[in-house]
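Please examine the sequence and the model before reading on.

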Amino acid sequence: MDHFNYADGVLCAEDVPLTQIAQAVGTPVYVYSTATLTRHFGLFRQALEWTDHLVCFAVKANSNIAVLKLLGDLGAGMDVVSGGEYARAKAAGVPGDRIVFSGVGKTAGEMRQALKGGIRQFNVESEPELELLSQIAASMGLRAPIAVRVNPDVDARTHAKIATGKSENKFGIPIARARDVYARAAGLPGIEVVGIDMHIGSQLTDLAPFRQAYEKMADLTRALRADGHAIRRLDMGGGLGIPYTRDNAAPPLPIEYGQVIRDTVGGLGCEIEIEPGRNIAGNAGILLSRVIYLKQGEGRDFLILDAAMNDLMRPAMYDAHHDIVPVIQPGVGASVRPYDVVGPVCETGDTFVRGAQMTALAAGDLVAFRSAGAYGAVMASEYNTRPLVPEVLVSGDQFAVIRERPPVEEIIARDRIPGWMG
Ligand SMILES: *Cc1c(COP(=O)(O)O)cnc(C)c1O
């Protein structure tokens, strides 16, 4: 469920007609709903209310500090994967003891930054990382709280580019090596072992891979405890999928996912962390765009929009599908026709969908890409010197620009002509 619905024939974000936002801010623009973000965060909290837990929002899904502050004020923790994301979480007012640091390539500088600013735990992904973290923490007179990210070698049955829990993926330590790595960790002066971490992939639409992975985590918890490690926290990762079309069967609900966690690791007395990103933000956002031209092609019509692959990369990168709907509600029984929906970027890959059955549209009409609140704006670039797409947050009948569209002059002003060119 989300809060983007038609009212009086116009698609609205909560109580704000998207036509009003297009007029005030221009297009393309991302629009997020406070009510949807709040609702989805609440569903995860509810799914874990049987135990001590922290829902850490995966910042990489949507890192705008207004979104982070909204979730942080509701009690969310944050899962960050870079020093930049760590700084964003802090800028949004999230305390360090609610920030988890994940990622395979943490640098010495990032480790120092997080140790200095406060950190709940590092999810360590390799032995060299463990050694470096210990050195740095010890040099600061600290012990870094860690969980080792364990790769359970399960097939997440999702798109290859977002599967992370198979042994061939770059993530985590093979589960067979986990006991050795924990033994090493326990002997390091700058390390404090607090738990175990896993994250097997994104956009999972089936609970079976989670169950398989979490059963392995339960076994590992028992084995590590028998080895003398104080395992008190389990980080289950993120990855629960969302419906990207209204026709498909909906993925499992957070409450069902919570039940899998309870069934598998619920009896171990551990504090539970989860790191959902897409499931909180995905259906809380749309990308609003305007039709520039309707171009008649050979046997097909192209709808050329002012949004492009640089603004919403998922279709070009993952062959992802987003429903594209008209902002002005079509009349009942309006006829549909096939369109190839494309952007202005000079790449054939700048195609959002081919042969989509849509009601007739014309130049100047507004459309909305649904389910664009996660991995949308965060992946945007300035390719073709198209200014970074702005973002708007709606709450009830109010809306605010939470990231401005930069003027082209500002983009060009970042470049420098070397002195020797005169
Ligand atoms: C990407 C990622 C997440 C979030 O995944 P979603 O599919 O958006 O829920 C959580 N944890 C880690 C370590 C990640 O890399």
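Arg184 is partly exposed, with a relative accessible area of 37%; the term covers values between buried (under 20%) and exposed (over 50%), with a 1.4 Å probe and protein chains only. Glu131 is partly exposed as well, at 28%. These residues form a salt bridge whose closest N and O atoms are 2.8 Å apart, a salt bridge being a side-chain nitrogen of Lys or Arg within 4 Å of a carboxyl oxygen of Asp or Glu. The pair links distant parts of the chain, with Glu131 in helix H6 and Arg184 in helix H7, 53 residues apart. Helices (H or I, at least four residues) and strands (E, at least two) are DSSP runs, numbered from the N terminus.

## Basis of the model

The model is predicted: local features need pLDDT of at least 70, side-chain atom pairs count only at pLDDT 80 or more, and totals for chains, interfaces and linings use all residues. Residues are numbered from 1 along each chain as its sequence is written, and side-chain values use heavy atoms, with hydrogens and water left out.

## Further salt bridges

The count of salt bridges comes to 20. One of them joins Glu127 and Arg177 at 2.7 Å, N to O. Glu127 lies in helix H6 (residues 127-139) and Arg177 in the loop between strand S10 (173-174) and helix H7 (178-186), so the pair ties together parts that are 50 residues apart in sequence.

Another salt bridge is formed by Glu271 and Arg120, with closest N and O atoms 2.6 Å apart. Glu271 is in strand S13 (residues 271-274) and Arg120 in the loop between helix H5 (108-117) and strand S8 (121-124), so parts 151 residues apart in sequence are tied together. Glu271 is buried, with a relative accessible area of 19%, and Arg120 is buried at 11%.

## The ligand and its surroundings

Of the 15 residues around the ligand, Lys60, Ser202, Glu275, Arg278 and Tyr375 come nearest; a residue is near if one of its heavy atoms lies within 4 Å. A polar side-chain atom of Glu275 lies 2.6 Å from a ligand nitrogen atom. A backbone N or O atom of Arg278 lies 2.7 Å from an oxygen atom of the ligand. The protein covers 94% of the 390 Å² of accessible area that the ligand has on its own, by the Shrake-Rupley method with a 1.4 Å probe.

How values were computed
Polar contact = N/O pair within 3.5 Å; in protein donor to acceptor, adjacent residues only side chain to side chain.
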